[in-house]
Amino acid sequence: MGSADCLFCKILAGDIPADIVYESETAIAFRDINPQAPTHVLIIPRRHIATINALDADDAHLVGDLFLAAKHIAREEGVAERGYRVAMNCNAAAGQTVFHLHLHLLGGRDLSWPPG
Ligand code: AMP
Ligand code: ZN
């Protein structure tokens, strides 16, 4: 079930092209169009969920799948051993611009902490 005006639902439907690097029953992942690191992949659930705030207890497995996908992709991208970051922004003050849940996977360079 998608949201008609959601960019990532359009990518899921194949209406907007994306460089897809991973697909499972519950999630897909594709390269960020404006990468902030040599590896910058977005991992999204197939089901439209706007933000972390909209999650409920039944979504626990789905969220776990996003992290397991991150682990898999990090290994495929060759960043697992050196290190990488996963981050999920929630709402405007945290920088969320696309309101379909997504985990950023960033790697391939040293990442500073704390993030801005
Ligand atoms: P956020 O700011 O956490 O909501 O992240 C949204 C991300 O989506 C940003 O890093 C954008 O660069 C990325 N993005 C926006 N449009 C596209 C697109 N068509 N394909 C891939 N990534 C996109
Ligand atoms: Zn969506």
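**Entry 1: N91**

I looked up N91 and found it in the loop between β4 and β5, where strands (E, at least two residues) and helices (H or I, at least four residues) are DSSP runs numbered from the N terminus. The model is a predicted one, in which local features need pLDDT of at least 70, side-chain atom pairs count only at pLDDT 80 or more, and totals for chains, interfaces and linings use all residues, while side-chain values use heavy atoms, with hydrogens and water left out. Residues are numbered from 1 along each chain as its sequence is written, and chains are lettered from A and ligands numbered from 1 in the order in which they are written.

The phi of N91 is near 70°, a positive value in a residue other than glycine. I noted N91 as partly exposed because its relative accessible area is 32%, given that buried means under 20% relative accessible area, exposed over 50%, and partly exposed in between (1.4 Å probe, protein chains only).

For reference, the ideal angle for four tetrahedral donors is 109.5 degrees.

I recorded H48 as partly exposed because its relative accessible area is 23%, whereas H100, at 0%, is buried.

**Entry 2: strand β3**

I then went through β3, which is mostly covered, with 7 of its 7 residues buried. T39, V41, I43 and P45 lie on one side and H40, L42 and I44 on the other, and both faces are covered; in a regular strand the side chains alternate between the two faces of the sheet.

For its partners, I took two strands as paired if DSSP finds at least two bridges between them. β2 and β3 run antiparallel and are joined by 5 bridges, with A29 standing opposite I43. β3 also pairs with β5 in the antiparallel sense over 5 bridges, and L105 in β5 is the bridge partner of V41.

**Entry 3: helix α2**

The 18 residues of α2 should span 26 Å at 1.5 Å a residue, and the end C-alpha atoms are 26 Å apart, which agrees; the expected span is 1.5 Å times one less than the number of residues. Its buried residues are L62, D65, L66, A69, A70, I73 and A74, and what covers them includes β1 (20-23), β2 (27-31), β3, β4 and β5, where contact means heavy atoms within 4.5 Å.

H72 also sits in α2 (residues 60-77), and I count H72 as partly exposed because its relative accessibility is 29%. The C-alpha atoms of H72 and Y22 are separated by 8.9 Å, although the two residues are 50 apart along the chain. After the helix comes G78, whose phi is positive, near 80°.

**Entry 4: a cis peptide bond**

Last, I checked P114, which lies in the segment after β5 and is joined to W113 by a cis peptide bond with omega about 0°.
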